[in-house]
Amino acid sequence: MIDVTLYLAPVTVRLRAPFGAVRQHLEVFYPEALHPGAKARHFIDFDIRITHGAGWRRWVRPQARFLLDHTEPFLPLPASQAAPLFEWGLNWCLASRPLGYLVMHAAVVARDGDAIVMPGSPGAGKSTLCAALTFIDQWRLLSDELAILAPECGSLQPNPRPISLKNDSIDIVARFPGARLGQRYADTRKGTISHAAPPAASRAAAAQQARCRWVIFPRFAPGADPHCEEIGRAEAFARIAEQSFNRDRMGETGFHALCAMLDTARCFEIGYDSTDTALAMVRDITGR
Amino acid sequence: MRSAACERLIAVLKTPRQAEALDLAGWSELVASARAANLAGLLAERVAAAGITAPPEAARHLEAIRQLSRRQTQSVRWEVHGLQRALCRLGIPLVLLKGAAYAVSDHPVGRGRLFGDIDILVPRHALGDVELRLMVAGWASAKTSPYDQRYYRTWMHELPPMVNLRRGTVLDVHHTILPLTSRHAPQAETIIRAASALPDLPAVRIPRPEHLLVHSIVHLLHEGELHNGLRDLFDIDGLLRAGAGEADFWPRVVEASRTLDVIAPVAFGLHLARHLLDSPIPPQVIEDLFNAAGGPASRLLTMLYTTALRPENEAAESAAATLARFAIYVRAHWLRMPPHLLLRHLAHKSIVRLRKDEPATDGRA
């Protein structure tokens, strides 16, 4: 049984789990969590428990359950997926629990405080491109999954956690320089998945916020002709709003925060059939 | 009997200054308890009103919940405008109950509150027309099984819940305030007739302050599920404090309990609010009500509610609370319907439950 406090900018998480696989996951991806330092912060934003399945599901086709406080927001998963369940569940917590942030489904990387936000429907290649920018072009990883925008200052909050990779992208990212992948989990709801550890530099800079300068909608399609097109902010707004978890719940504040983020950003749509092409396009767009 | 965390939550809500003594871990526990009791918004409002500076880690949760509450208030008002549009042609009064009434009338109890379903009360004779107009306006019945449909229509005080097809908002259309099969048979017309109109919503009515209070009490005591029990008790506290601004409020409460045939539950509800929250109720009022009801508050029932009313995170882990809640659940059903119906209903429910796994909401991962 582990009972640890994880200091993950911008939240503090208490995690309790009896699964060895969760412990291993933490050892690989959150090593400092198991060796608590001298920090005396004790406000717990999310109290998470991964528990054994109820009743006979502890023994027969064992399950893992995800609990936030006393609530169980998901159906249980097979016990072998306890570690990915933690990552998915944590994303859900960040997207659902009101913390005053506008949270969008997008990858975010930054350089010198200037960030690229890449919203993406599942399968668009967002995580792979995010990993490429992080490992090949040395952008700083803020998140591969969640753009967390603070309305009052308009800055993006880093949440550098393992990059979640699916199916074919696992082998592609495994070949990137410096990429360190964890265990593979076959037959999940999303196919085979694995996680890539964020670079140490990104983790070390987890307290440094960034400002959105570019919004890029990536679309990977095998055999497609590369294209890169600048799009209007109104269109970008509509498309990001679709990928926002809580803009509606945040009412006017969410609306204005998204407008303000786009006011200082240029927006692009890119289509490509290889990582190299995509990287070249991003270099053109950002000039870096 | 209740945990220190629950006691502290109640204490801070009553006297917000007590929060100033908390360290970060204390705030963490306070916010968690408040959230589990669905009282985080009220906590946020009271902490802010008392001018207390919460540590930033706690403040962002509290501020975000206030914002959510404001947003939900706005949504409820917007839905009520839609209801006004959908039903105005019928020429009937449309009385808002509970959360919707607080939100639309800008009642102090609505501040920081989170809202679930929208509850409305309409004259029973208009029920068919109301349902039809609502369906035209995009509301559909959420209960599809014939048993559930019949359960509501034959025995209950409301139509099966209706869901807006576009927005997913849930609407409960009541024609009285207690199930038709219940021991008590309040005449809802009294509430409808006395309700006051709103300036910009001609069809919409807000119940009189004493009716808001009586309904809130009856709802808490006849509802078998106590997930929001502590929150409901704080609603009751807020309603009676706000109502007592009118000079003849307490005589009106007693009169309304009599007219609506709910003296015993109102007596017990007020007793509970005084017992658990120190709500300011004239002792004579409670005494008169208990005399009229035929006896003092049951000590067993007081003990059951004291044990059961606590934040959900504790209730889940306390055997005493689970037991007390079960007893209250059974009692609520006992009050809701005569024994033979009750037996039939519970048997049906348990068979249905055995057939399918308990559903859990599927989250987005």
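# Aromatic rings and a chain interface in a predicted model

Ring pairs join A:F66, A:F74 and A:W92 into a cluster, where rings of Phe, Tyr and Trp (its six-membered ring) pair if their centres lie within 6.5 Å, and planes under 30 degrees apart count as stacked, over 60 as edge-to-face and the rest as tilted. This is a predicted model, in which local features need pLDDT of at least 70 and side-chain atom pairs count only at pLDDT 80 or more, while totals for chains, interfaces and linings use all residues. Residues are numbered from 1 along each chain as its sequence is written, chains are lettered from A and ligands numbered from 1 in the order in which they are written, and side-chain values use heavy atoms, with hydrogens and water left out.

**Aromatic pairs**

- Over all chains, the structure holds 8 aromatic pairs, and one of them is the edge-to-face pair of A:F74 and A:W92, with 5.6 Å centre to centre and 75° between the planes.
- A:F74 lies in the loop between β4 (63-68) and β5 (77-78) of chain A and A:W92 in helix α2 (residues 82-96) of chain A, so this pair ties together parts that are 18 residues apart in sequence; helices (H or I, at least four residues) and strands (E, at least two) are DSSP runs, numbered from the N terminus.
- Both A:F74 and A:W92 are buried, a word that here means under 20% relative accessible area, with exposed meaning over 50% and partly exposed in between (1.4 Å probe, protein chains only).
- A:F220 and A:Y272 form a tilted aromatic pair, at 6.1 Å centre to centre and with 55° between the planes.
- That pair links distant parts of the chain, 52 residues apart, with A:F220 in strand β14 (residues 211-220) and A:Y272 in strand β16 (residues 266-272) of chain A.
- A:F220 is partly exposed at a relative accessible area of 35%, whereas A:Y272 counts as buried at 3%.

**Charges over rings**

- A:R239 lies over the face of A:F217, at 4.2 Å from the ring centre, and the rule asks that NZ of Lys or CZ of Arg be within 6 Å of the ring centre and within 35 degrees of the ring normal.

**Where chain A meets chain B**

- In chain A, 30 residues are in contact with 25 residues of chain B, contact being heavy atoms within 4.5 Å.
- The two chains, A and B, bury about 2,500 Å² between them, 54% of it on carbon and sulfur atoms; buried area is the accessible area (1.4 Å probe) that two parts lose on being put together, summed over both.
- A:F43, A:H70 and A:P98 supply 27% of the area that chain A buries against chain B, more than any other three residues.
- Between chain A and chain B there are 2 salt bridges, each a side-chain nitrogen of Lys or Arg within 4 Å of a carboxyl oxygen of Asp or Glu.
- The side chains of A:D45 and B:R60 meet in a salt bridge at 3.1 Å, N to O.

**Backbone details**

- Most residues other than glycine have a negative phi, and most peptide bonds are trans.
- A cis peptide bond, with omega about 0°, joins A:A9 and A:P10, and A:P10 has its place in the loop between β1 (2-8) and β2 (11-17) of chain A.
- B:N38, although not a glycine, has a positive phi of about 60°, and B:N38 is found in the loop between α2 (24-36) and α3 (40-49) of chain B.
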